[in-house]
Each structure stands twice: as C-alpha cells, then as structure tokens.
Amino acid sequence: MLKTFPKGGLHIPDNKLSEESPIKTIPLPKIVQIPIAQHIGTPPEIIVKRRVRVRTGQLIAKATSMISANIHSPVTGMVMKIDNFTDASGYKKPAIVVKVEEDEWVDGVDTDKSLNENIDYSKEEILSKIKDAGIVGLGGATFPSHVKLNVDNYSTKPELLIINGVECEPFLTADHRLMLEKPKELIVGIKIILKVLGIKKAVIGIENNKPDAIDILEKEVKTDPGIEVSALKVKYPQGAEKQLIKAITGKEVPFGKFPIDLGIIVYNVGTVFAIYEAVQKNIPLIKRVVTVTGKSIPDPSNFWVRLGTPVQHLLDMAGGIPEDTGKIINGGPMMGKAVKDFSIPVTKGTSGILLMPQRDSIRGEVQACIRCSKCIDVCPMGLEPYLLMNLTEKVLIDRAKKEDIMMCIECGSCSYICPSNRPLLDYIRLGKAAVKNELNS
Ligand code: SF4
Ligand code: SF4
C-alpha cells in the first residue's frame, strides 16, 4: 500500500495542464526589477549604485546577518533605479531595476561545465559556495540554505535527508518537470547535501500521479543504496513538511519543534538543483523554474525564468493574457496569494503564476455554518477551523491561541471543503497575525 499522512487531507482535481510542457528558456525581458527581500530573515544590503553596469551573476546585495542571503544580478545591464516598488506581498519594498543587455557572466562561473558525479569538495567549501550563491528554499519557505545545512547549528544529529518532489498544489508542474529533465543533476545535488550533513541516507518523496518521475529517479538511484524513491499516495497537502515527514517515516514533528529535532532535514527538488549548480558550476541563484498556467491560458508552460522578470513577460511567452482573467495568483490555487497586477517580478519564492478565469474567481456567498464538521475532517493538523474563525471574528485571540491557531499551516483545505463558503483561512490568517503582534508587542 502506498504511504501517506493519516490525519485529514483531501483529493483535489490536480489540473496539471503544463505537465507535458518541457522547461523552456525564454528571451530575457527588457527590464528586471530585483526585490531585496526575497527570503525569510534579514534583507541583504545593497552594494551597487545607480548608473553602474552589472554583469550576470554579480553580487548586488550582500547578506548582513546570520539568517540572510546574498542577491546577485540575474542579468547584465545598467542599474537604472534603486527605489521602493510593490512586490507580490502587496507592500512597497526596496528593489534594484536593471536595463537588460546581452548576457556577460561574472568571472568564475562555468555554465558549460559537465556533470561530475564525484563530490570533490570539502564540507566547508560546499557550505561556503551555497552561502555565496544566495540559495534559499525554493519550495516556498525561502529559508537560507546555508543556515539549514550547517549541522553545527543543531543539538540533534541529522540522520535522514528527505527530498520533497511531491508538488501537491494543483496546476503547478515546475518540480515535476525538473525531476524528469534533470535527474542526474538532482542525484548529484542530493550527494552534495548528504556530504555536508555527514549522513548516507536520503528518500525522495513523489506522489503517485507522477509515475514518469518516479520511474526515472528509481533508475538513477538503482546503484546507490543510500538513496531511495518513495512513491506516495496522492493527497493534499502532502508537500507540507510535517505531512511529508509523517508519510515517509511515520514520525510526527511536535508543535514548536523542527524536523531536525527528529534528525530529519527536508529539501525541495528545486533547491537541490540550485545547490548542484552553485557547487559544481559556481552559478548563483539567479533563475528558477516557474509554471505559468490557467484554464484559459493559450499555452500553459514551464519556463526557466531570471529573477526580477515581470510576470507580464511570462504571460506574453505563454500566449498572452486571456480576456476572461478574473484573478492572478502567485503560486498555486490552494496556498498561493492573489496579486494586484502583472508588473510584479518573479522572486526566489515564485513557483508558479496561475490565472483564474472570472467564473472561477468569484467566491460563493457566505452562508451560516451548518456544523457539518467537514473542515475538521480535512484539517491535516487536527484543528477545528470553524472555531478558529469564530474566535478570530470575535477577537478572542487568547482563546484562539489556546486552540492552537498557530499550528495552522495555511493549506486552505478547510476553506476549500466548506459547503457554506466560509472564509475560514482568511480569518485564521488574521488570527495568527494578531497572535504574532501580541508576541512582538
Ligand atoms: S465546513 Fe463550513 S459549514 Fe461545515 S462545520 Fe466547517 S465551517 Fe461549518
Ligand atoms: S488552513 Fe489551517 S485550519 Fe485550515 S485545514 Fe489547513 S491547517 Fe487546518
């Protein structure tokens, strides 16, 4: 029987419209807008000025604290502006605008270097390359990878590396394509991470709706007893860290604890590929795979996208913006967030852009709760979403805290299933923000 997590979860039509679309490299945009706050932690310090020419891969913002990450120019060109611009969060934040010229890579990068299956670097060299490259978790968490990989930071010794190839969000196919198209690079990336962690065991978790990816990676690891592929039953939100760990190991990460407290480290396949490129080719994190999709999009696609590229450019490459567009989502339909317009740039955390047609964008009229308990049944964290919403609505924040509102992983399953169209997750997010404000005040 296929493994999965036991508590809650649901099956959602996966709408993987772009799964057959190989990852294309698209022409560079005319202008890139590179936000400085692209990760969890302190934003880096800008080290370039206006009217300076930068080269592709050049450091333009330097990490200033332990939990921070470098940012490199994704293109060659002239720095036109350094100012505050609205990003995907809806807030104005500092960004560097570069007018794009033909690529000229910074010295030391070897984009054409062929794959080397031997990991010829020391642990210290690998960590330093990953830190220099500004790599952060590309599965959505955007936590700086060099911090997560530094085992000296932990009191528990790592024992198992889990690679997240689940991609359970409907519509998104970036990780799926990466597994199909770059399996050898991913295995080398996994070996690099194993070397840094000083362990020998890795499990790649992939849901059973990607049999081709399971097949190709199983063939790649056949002669490698330390790495195995675990085919998982399809269930949302299995890509969430705690649910994936439970599915693969049967272990539960307690509230307030981290996977490393169980000796486990989890990396998304996109991050593994970025680590491979940084260590073997000295390529900093300046690009990522982005799925551009939606039911009315002429050509749902997966693209290699330079960071800072405006979403509008991606949509032009996918056949244009459909007339019936009602909503633009940064990410997938379950955990993604609606954004205001097409001018926002792609950042390290952008896994997909989803355009929803008008007919699917309108929420149903909110009705009274009929106490059907469906929201409780699907909650993978064992919470009572209807109660958390009610408590937040009545501003009973202490009570919401006691009911473990902070355990919510914002998977959206409760809102999706509610027959009364209650905006459960919207209120839960408000409640969580209120708890955080209380803690910070
Ligand atoms: S799913 Fe909706 S209607 Fe049912 S108990 Fe939860 S909030 Fe109430
Ligand atoms: S959004 Fe939060 S409360 Fe709702 S199902 Fe997911 S974890 Fe549970």
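Predicted model: local features only at pLDDT ≥ 70, side-chain atom pairs only at ≥ 80, totals over all residues.
1. The α1/α4 pair. The crossing of α1 past α4 is left-handed. On the α1 side, the contact uses Lys123, Ile126 and Leu127, while α4 brings Ile192, Lys195 and Val196. By class, that contact splits into four nonpolar and two charged residues, with no polar ones.

2. More on α1. This helix covers residues 123-132, and its buried residues are Ile126, Leu127, Lys129, Ile130 and Lys131. Note the two lysines in there, Lys129 and Lys131. What do the buried residues of α1 pack against? The partners are α2 (145-149), α4 (183-197) and α7 (269-281). After the helix comes Gly134, with a positive phi near 70°.

3. The α4/α7 pair. Here the angle is about 80° and the axes are 8 Å apart, which makes α4 roughly perpendicular to α7. From α4, the contact takes in Glu185, Leu186, Val188, Gly189, Ile190, Ile192 and Ile193. From α7 come Val269, Val272, Phe273, Ile275, Tyr276, Val279 and Gln280. The class count for this contact is eleven nonpolar, two polar and one charged. If you're tracking individual side chains, Ile192 of α4 is worth a click: it belongs to the contact with α7 and also to the one with α1.

4. Ligand 1. There are 13 residues around this ligand, and Cys369, Cys372, Cys375, Tyr386 and Cys418 come nearest.

5. Ligand 2. Which residues come nearest to this one? Out of 16 around it, they are Cys379, Cys408, Cys411, Ser413 and Cys414. Two elements give two or more residues to the shell, namely α13 (413-417) and α14 (424-440). The largest share, three residues, is from α14. Sorted by class, the shell around ligand 2 holds 13 nonpolar, two polar and one charged residues. When reading the class counts for both ligands, remember that Cys is counted as nonpolar here.

Conventions: Residues numbered from 1 in each chain as written. Chains lettered and ligands numbered in written order. Buried ≥ 20, exposed ≤ 12 C-beta atoms within 10 Å, placed from the backbone. Helix = DSSP H or I, 4+ residues; strand = E, 2+ residues; numbered from the N terminus. Contact = placed C-beta atoms within 7 Å. Left-handed = near helix turned anticlockwise from the far one by under 90°. Near = placed C-beta within 6 Å. Axes fitted to C-alpha atoms, helices over the stretch in contact; angles between N-to-C directions. Parallel < 35°, antiparallel > 145°, perpendicular 65-115°, else oblique.
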